[in-house]
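Subject: Structure for you to look at

Hi,

Here is the structure, with its sequence. Please open it alongside this email, as my notes follow below.

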Amino acid sequence: MESYKSFVRKNATLLSAAEAVGQGLTWLLPNRSDELALEAGREGRVTLVHLALAKFREEHKLPTEALALAALRPAPVKPESDRCLALGELLHVVRPVVYVLALRRWGRTAWTPWIISLAIDSASISLYRRCGKELTKEQKEEMWRRQVLMAYYSLRSPCFELCTRPPLAAVGRVLQPVPLVGTVYHHLQEILFGIQAFYFYTSAS
């Protein structure tokens, strides 16, 4: 105890200066019970970062824990499934725009727009399939709907004129002599041929 008192008497000026410096720093701290400030003070590492965080917490009335986590926690990284879903949905959204632009560039009778649109749709569905078990029930139903709508490509030119229409016409010629059946099939065929020219270019888009 005597040695302590002797030390204080010999270094009174130095201790007074250190106390003044400490008081000058602690005015920035809103709460001396603050865990971050106490820990930094005990370890002798009161930095500008700690002071700025404490002052910001006081101004915005935020808990210290939230500030510490916000400052130290790295940015969350989306899992691969989320990235696949986002990219697949993006392809599904832009596909009609790309298809229309391709139609304006090459026309309906060219294979290029048809192939481009089919490739984009196939890539979108493939990305959804990569998610597999992580899809929700609604997402699985939507993927199934899009897979069914892929059949519309058989009704779009030039695939329709070259691959789909000839077999349908051949079946119509075979059923034409059959009473009632031939007549019904002929009318359905005419309806299909009539709406094919405009409906299946915008449907499933």
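Start with helix H7. Its buried residues are Pro113, Trp114, Ser117, Ile120, Asp121, Ser124, Ile125, Leu127, Tyr128 and Cys131. Buried means under 20% relative accessible area, exposed is over 50%, and partly exposed lies in between (1.4 Å probe, protein chains only). Helices (H or I, at least four residues) and strands (E, at least two) are DSSP runs, numbered from the N terminus.

Some ground rules. This is a predicted model: local features need pLDDT of at least 70, side-chain atom pairs count only at pLDDT 80 or more, and totals for chains, interfaces and linings use all residues. Residues are numbered from 1 along each chain as its sequence is written, and side-chain values use heavy atoms, leaving out hydrogens and water.

Overall picture
The chain has 11 helices and 0 strands. Of its 205 residues, 25% are buried. Take the contacts (heavy atoms within 4.5 Å) between residues at least 6 apart in sequence: 60% of them join residues at least 24 apart.

H7 and the cores
H7 has 21 residues, which should span 30 Å at 1.5 Å a residue; its end C-alpha atoms are 31 Å apart, so the two agree. The expected span is 1.5 Å times one less than the number of residues.

The largest nonpolar core has 6 residues: Cys84, Leu85, Tyr128, Cys131, Leu135 and Met143. A nonpolar core is a set of buried Ala, Val, Leu, Ile, Met, Phe, Trp, Tyr and Cys residues joined through side-chain atoms within 4.5 Å. A second, separate core has 5 residues, including Trp114, Ile125, Met150 and Tyr153.

Aromatic pairs
The whole structure holds 3 aromatic pairs. Rings of Phe, Tyr and Trp (its six-membered ring) pair if their centres lie within 6.5 Å; planes under 30 degrees apart are stacked, over 60 edge-to-face, and the rest tilted.

Why is the pair of tryptophan 114 and tyrosine 153 edge-to-face? Because their planes sit at 90 degrees, with the ring centres 5.9 Å apart. This pair links distant parts of the chain: tryptophan 114 is in H7, and tyrosine 153 is in the loop between helix H8 (137-149) and H9, 39 residues apart. Tryptophan 114 counts as buried at 14% relative accessibility. Tyrosine 153 is buried too, at 4%.

Phenylalanine 160 and phenylalanine 193 form an edge-to-face pair, 5.8 Å centre to centre with 75 degrees between the planes. Phenylalanine 160 is in H9 and phenylalanine 193 in helix H10, 33 residues apart. Trp111, Trp114 and Tyr153 form one aromatic cluster.

Charges over rings
The charged end of arginine 156 sits over the ring of tyrosine 153, 4.7 Å from its centre. Arginine 165 lies over the face of phenylalanine 193, at 4.1 Å from the ring centre. The test is NZ of Lys or CZ of Arg within 6 Å of the ring centre and within 35 degrees of the ring normal.

H9
Where does H9 bend? The bend is about 45 degrees, at arginine 165, and proline 166 follows within four residues. It is the angle between axes fitted to the seven residues ending there and the seven starting there. Cys159, Phe160, Thr164 and Gly172 are buried in H9. The buried residues of H9 pack against H7 (111-131) and H10 (181-196).

Best wishes
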